[in-house]
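Hi,

Here is the structure I promised to pass on. Have a look at it first, and my notes follow below.

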Amino acid sequence: MEISYDEISELRDFIVSLNLASESVIVVEGKRDSAALKNLGYQQKILEFHRFGGLTKFADSVSSHKNLILLFDSDRKGRYMTKKIIEQLERRTRIDLSYKKRLMHITRGKISAIEELSQYEKLFND
């Protein structure tokens, strides 16, 4: 995969903006997604959806957060889960999909799973 300098620069800015979103909590599907974000420098709390044991338990656990930044994969499962979480939580908390859209723009659609951000790690830390 060819990665441009602009992509690396924009991705660095993206991680900085995530770190500054202190009123928010990031939600990813699993531990590889979480690890990929942390390895790129994300330092705030990350919730892993799979650890909650289902949508209802997840919704009950996270509804106290002001703002949820959903970073689910772009595959069918990720889109389905995003839709279901919005249905469950839209009246209880703010769901932010703008970061997901921005990430897809930065990577020019080359990644469909958040864990694939690990491909940027070596270049990112040089």
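Is arginine 108 buried, partly exposed or exposed? Keep in mind that this is a predicted model. Arginine 108 comes out as partly exposed, because its relative accessible area is 46%, and the cut-offs are under 20% for buried and over 50% for exposed. This residue sits in the loop that runs between α5 and α6 (121–124).

Now to the helix packing. Two packed helices are described by the angle between their axes and the distance between the axes. For α1 and α5, the axes come within 10 Å and cross at roughly 165 degrees. That angle is over 145, so α1 is roughly antiparallel to α5. The crossing of this pair is left-handed. On the α1 side the contact is made by Glu7, Glu10, Leu11, Asp13, Phe14, Ser17 and Leu18, and they meet Tyr99, Arg102, Leu103, His105 and Ile106 of α5. By type, the residues of this contact divide into 6 nonpolar, 2 polar and 4 charged.

The other pair to look at is α3 (residues 55–62) with α4 (residues 76–89). Their axes are 10 Å apart, and the helices pack at an angle of about 50 degrees. α3 and α4 are therefore oblique to each other, and their crossing is right-handed. Here Leu55, Phe58, Ala59 and Val62 from α3 meet Lys84, Ile85, Gln88 and Leu89 from α4.

In soluble globular proteins, nonpolar side chains tend to be buried together. The largest nonpolar core in this model has 25 residues, and those touching the most other members are Leu11, Leu18, Ile26, Leu37, Leu71 and Leu117. Two or more residues come from each of α1 (5–20), β1 (24–28), α2 (31–39) and α5 (98–106), and α1 gives the most, with 5 residues. A second, separate core holds 15 residues, including Ala59, Val62, Met81 and Leu89.

Leaving aside neighbours within four places in sequence, leucine 37 is in contact with Ile15, Leu18, Ile26, Val28, Tyr42, Ile46, Leu71, Ile114 and Leu117.

Cheers

Methods. Residues numbered from 1 in each chain as written. Predicted model: local features only at pLDDT ≥ 70, side-chain atom pairs only at ≥ 80, totals over all residues. Heavy atoms only, no water. Axes fitted to C-alpha atoms, helices over the stretch in contact; angles between N-to-C directions. Helix = DSSP H or I, 4+ residues; strand = E, 2+ residues; numbered from the N terminus. Parallel < 35°, antiparallel > 145°, perpendicular 65-115°, else oblique. Left-handed = near helix turned anticlockwise from the far one by under 90°. Contact = heavy atoms within 4.5 Å. Core = buried A, V, L, I, M, F, W, Y, C linked by side-chain atoms within 4.5 Å. Buried < 20%, exposed > 50% of the residue type's maximum accessible area, 1.4 Å probe, protein only. Nonpolar A, V, L, I, M, F, W, Y, C, P; charged D, E, K, R; others polar.
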